[in-house]
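I opened this entry to log what I looked up.

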Amino acid sequence: MGADAILIIGAGVFGLSTALELTKRGYRNITVLDRHVPPVVDGSSVDISRIIRADYADPIYAQMALEAQEGWSTTYSDFYHKSGFVLFSDKSNAYLQKSKETILEKGGYVDELSDLSQLRRLYPAVEANVPGAQGYHNPSGGWADAAGSIGLLASQCSSAGVSFITGRRGTVHSLRRSGNKVVGVNLVDGTHLPASQVILATGAWSNRLIDLSQAAASSGQPVGFLQLTPEEAKKFANVPVMINFSTGVFSFPPTPGSNILKLARHGYGYATEAKSEATGRTISGPRRDASNAASGYLPDDADQALREGVKQLFPSLQDRPWSNRRMCWYTDTPTGDFIIDHHPTLPGLFVATGGAGHGFKFLPVLGKYVADCFENKAPRELREKWRLKAPTDGAGTVNMSGDGSRGGPPLRKLSVLEQSKL
Ligand SMILES: *[C@@H]1O[C@H](CO)[C@@H](O)[C@H](O)[C@H]1NC(C)=O
Ligand SMILES: *[C@@H]1O[C@H](CO)[C@@H](O)[C@H](O)[C@H]1NC(C)=O
Ligand SMILES: *[C@@H]1O[C@H](CO)[C@@H](O)[C@H](O)[C@H]1NC(C)=O
């Protein structure tokens with residue numbers, strides 16, 4: 001098995017963590033392909049921060065996240081900030097309630113907050129003041145520098161012997177087939193690469209290469225950045241990561257050194273419409289050939305929602321213009337479960353995608369789970385959870401609303417004009 005060629009398409013957290021783990025298991029001919037060198041500029045495993053939490057309604061992900069926190073505290077500790085994590089809502093929220101129970105069942109600790117002003121006793125710098133907001137504080141949550149930790153993971157892969165092909169020569173046009181078997185990839189420069197296994201780890205771009213419409217859809221989620229002065233950054237240095245489940249808007253403390261404060265929304269997002277180069281189908285997803293991180297465009301309603309979040313969480317910064325904005329692309333699934341499976345009808349193809357907006361925190365352990373599925377060693381429960389479901393005839397539009405953790409307005413399809421600005 002060792003010398004058989006494995007091509008991994010996608011240098012995000014799914015692709016890289018899988019590549020590294022496979023080297024540990026004796027695979028010696030692994031090549032990662034991407035349009036860009038990791039950290040991939042317009043990917044979803046990039047920019048300054050991701051929430052690192054074990055707060056999950058689903059005990060399986062909670063357990064995995066606790067395992068991952070070991071890795072964040074050791075191998076990836078340079079990029080991990082245990083700032084604390086606060087979850088709240090202005091009405092009772094089933095996900096939040098279940099997640100608190102799960103944490104406690106697993107022996108964790110929380111501070112209950114029946115009134116958000118109680119938070120100021122723990123974090124005096126917090127400005128948000130909404131009597132009646134309910135939730136809890138988990139002191140062991142925090143955030144990680146996404147680009148930094150992906151950079152380290154990519155260099156670990158490289159040291160372990162993984163090859164990388166990026167740029168035009170690493171941009172996949174389509175899967176290469178022989179009958180119904182996948183035997184490699186066709187690249188946009190007209191050449192191709194053979195493989196005994198292709199692993200699709202293309203996140204929100206996946207539907208461009210194969211039809212996963214019954215199992216996954218892409219949604220853009222707004223992100224905004226505020227440049228703070230050194231004095232402001234000092235003032236807010238000890239605020240926790242905060243999420244308002246009513247709106248889905250969440251915030252990070254300012255990044256040490258660069259003093260950038262980030263807000264984003266964990267919502268139902270925005271859909272686009274584009275034609276897949278590989279299959280000719282109309283799909284929702286980010287562009288392949290242009291970086292959607294470059295334009296800084298957000299739909300007006302998304303901008304307003306984030307601005308409202310600044311007002312609520314950091315009132316003293318409410319008039320600060322954004323220093324940058326971007327769309328972060330989720331790969332949504334019906335239940336928020338990942339898709340990690342051998343393709344049921346295309347031998348030679350393995351799929352590792354469907355992060356559903358919560359995959360990044362698993363960076364230190366995700367590859368282990370993917371490799372277990374790849375080698376058919378994972379427990380039955382996980383195989384079933386992450387199974388790639390076959391299309392069900394006449395199912396129509398599948399509801400990709402996820403695991404119940406999202407807030408804010410329903411999914412909205414962007415107009416042609418809005419899409420042209422992305
Ligand atoms: C990796 O696989 C490719 C394609 O089969 C083959 O050409 C190459 O020699 C292999 N490399 C190694 C180091 O085994
Ligand atoms: C959370 O969002 C809701 C809905 O917009 C709002 O009423 C509430 O004030 C927000 N809470 C905080 C603390 O920002
Ligand atoms: C999708 O499911 C969610 C949660 O069950 C529900 O709130 C929402 O209305 C559904 N959306 C559509 C378009 O059916």
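**Ligand 2**

I began with polar contacts, and found a polar side-chain atom of Asp90 lying 3.3 Å from an oxygen atom of ligand 2. I keep in mind that this is a predicted model. Asn244 came next: an N or O atom of its side chain is 2.3 Å from a ligand 2 oxygen. For Gln312, I read 3.3 Å between a side-chain N or O atom and an oxygen atom of ligand 2. I then looked up burial: ligand 2 taken alone exposes 360 Å², and the protein buries 77% of that.

Which residues are around ligand 2? I listed Phe88, Asp90, Leu116, Val130, Asn244, Ser246, Thr247 and Gln312. I sorted this shell by type and got three nonpolar, four polar and one charged.

**Ligand 1**

The residues around ligand 1 are Ala3, Ala5 and Asn29. An N or O atom in the Asn29 side chain is 2.3 Å from an oxygen atom of ligand 1. Ligand 1 exposes 360 Å² when taken alone, and the protein buries 34% of that.

**Cysteines**

How many disulfides does a search of the whole structure find? I got zero. I then checked Cys373, which is in no disulfide; its nearest cysteine sulfur is that of Cys157, 18 Å away. The cut-off for a disulfide is 2.5 Å between the sulfur atoms.

Is Cys373 buried or exposed? Its relative accessibility is 0%, so I noted Cys373 as buried. Cys328 also went down as buried, because its relative accessibility is 10% and the limit for buried is under 20%.

**Helix 8**

I checked the length of helix 8, residues 300-313. At 1.5 Å a residue, its 14 residues should span 20 Å. The end C-alpha atoms are 20 Å apart, so the two values agree.

Which residues of helix 8 are buried? I wrote down Ala302, Asp303, Ala305, Leu306, Arg307, Gly309, Val310 and Leu313. Asp303 and Arg307 are among them. For reading such a list, I recall that an α-helix has 3.6 residues a turn, so residues three or four places apart point the same way.

**Pro254**

I located Pro254 in the loop between strand 16 (249-251) and strand 17 (260-265). Its relative accessibility is 8%, so Pro254 counts as buried.

**Backbone checks**

I looked for exceptions here, because most residues other than glycine have a negative phi, and most peptide bonds are trans.

The peptide bond from Pro38 to Pro39 is cis, with omega near -5°. I placed Pro39 in the loop between strand 2 (30-34) and strand 3 (50-52).

Asp47 also lies in the loop between strand 2 and strand 3. Asp47 is not a glycine, yet its phi is positive, about 75°. I noted Asp47 as buried, because its relative accessible area is 13%.

Asn376 is not a glycine either, and it has a positive phi of about 55°. I found Asn376 in the loop between helix 9 (366-374) and helix 10 (380-385). Is Asn376 buried or exposed? At 52% relative accessibility, it counts as exposed, the limit being over 50%.

Conventions: Residues numbered from 1 in each chain as written. Chains lettered and ligands numbered in written order. Predicted model: local features only at pLDDT ≥ 70, side-chain atom pairs only at ≥ 80, totals over all residues. Heavy atoms only, no water. Near = heavy atom within 4 Å. Polar contact = N/O pair within 3.5 Å; in protein donor to acceptor, adjacent residues only side chain to side chain. Areas by Shrake-Rupley, 256 points an atom, 1.4 Å probe, with all protein chains shown as cover. Nonpolar A, V, L, I, M, F, W, Y, C, P; charged D, E, K, R; others polar. Buried < 20%, exposed > 50% of the residue type's maximum accessible area, 1.4 Å probe, protein only. Helix = DSSP H or I, 4+ residues; strand = E, 2+ residues; numbered from the N terminus. Expected span 1.5 Å × (residues − 1).
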